[in-house]
Amino acid sequence: MGLLLLWTAHAQAAGKSNPASADKSCESPGLPSKCPESPVGLWHLNVDFPQMPPFLEIMLFHEGGTLSESNFLLHGNSANPMFPFNGGEGFGIWEIDDDGITRFAFQKMVYNAEDNNAPVGFLRVKGSAILDGGIWQDIESNTSLVTPGGAVIANFGQPNVTGLRLSLDTID
């Protein structure tokens, strides 16, 4: 709900309507969500790192090249003994390269749940995928935990990611 309100406020401030109703052709640089090759929209992802249990994640690709992210593993008050951290929402950027591959990066603030939520740094994710026809085809990504100054604390490597773009047809 918060992401929808964020989008609504952003769209109203920019004088735009919902991206699904935008009057653009699929040839334009913005690639509105009605175009099958566009990443714009809400993606429901299954993320599986070898060293931890799989979890669900959502990513919202906005027209204009920004994105928002949240997941069930690392969000406010999500600490568990296996991964004792809390995190904020993720915010980032995306672009489509000349080969039609969506490249993206985002980061989220991370706090130590075992130390009164003391700031730890940022979780940074950088990756690429083919987001065509509503199916997420993962190519590569890297996830690392870094200090506020950028020094790597831990590198989690590449997960296996699968997913679908949500639409009115995929939600019952």
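Ser 144 is buried, with a relative accessible area of 11%, where buried means under 20%, exposed over 50% and partly exposed in between (1.4 Å probe, protein chains only). The structure is a predicted model, in which local features need pLDDT of at least 70, side-chain atom pairs count only at pLDDT 80 or more, and totals for chains, interfaces and linings use all residues. Residues are numbered from 1 along each chain as its sequence is written, and side-chain values use heavy atoms, with hydrogens and water left out.

Ser 144 is placed in strand E8; helices (H or I, at least four residues) and strands (E, at least two) are DSSP runs, numbered from the N terminus. Apart from neighbours within four places in sequence, Ser 144 is in contact (heavy atoms within 4.5 Å) with Phe 122, Leu 123, Arg 124, Ala 154, Asn 155 and Phe 156. Of these contacts, Asn 155 is also the bridge partner of Ser 144 in E9. Strands E8 and E9 pair in the antiparallel sense over 4 bridges, where pairing requires that DSSP finds at least two bridges between two strands. The two strands form a hairpin with 5 residues between them, and Gly 150 in the turn has a positive phi of about 100°.

Across the whole structure, a search finds 7 aromatic pairs. Rings of Phe, Tyr and Trp (its six-membered ring) pair if their centres lie within 6.5 Å; planes under 30 degrees apart count as stacked, over 60 as edge-to-face and the rest as tilted. One of the pairs joins Trp 43 and Trp 136, whose ring centres are 5.8 Å apart with planes at 70°, so this pair is edge-to-face. Because Trp 43 lies in strand E1 (residues 41-48) and Trp 136 in strand E8 (residues 135-146), the pair ties together parts 93 residues apart in sequence. Trp 43 counts as buried at 0% relative accessibility, and Trp 136 is buried at 5%.

Phe 49 and Phe 156 make another edge-to-face pair, since their ring centres are 6.5 Å apart and their planes stand at 70°. This pair links distant parts of the chain, 107 residues apart: Phe 49 sits in the loop between E1 and strand E2 (55-61), and Phe 156 in strand E9 (residues 152-157). Phe 49 is buried at 5% relative accessibility, and Phe 156 is buried at 17%. Finally, one aromatic cluster is formed by Trp 43, Phe 61, Trp 94, Phe 104 and Trp 136.
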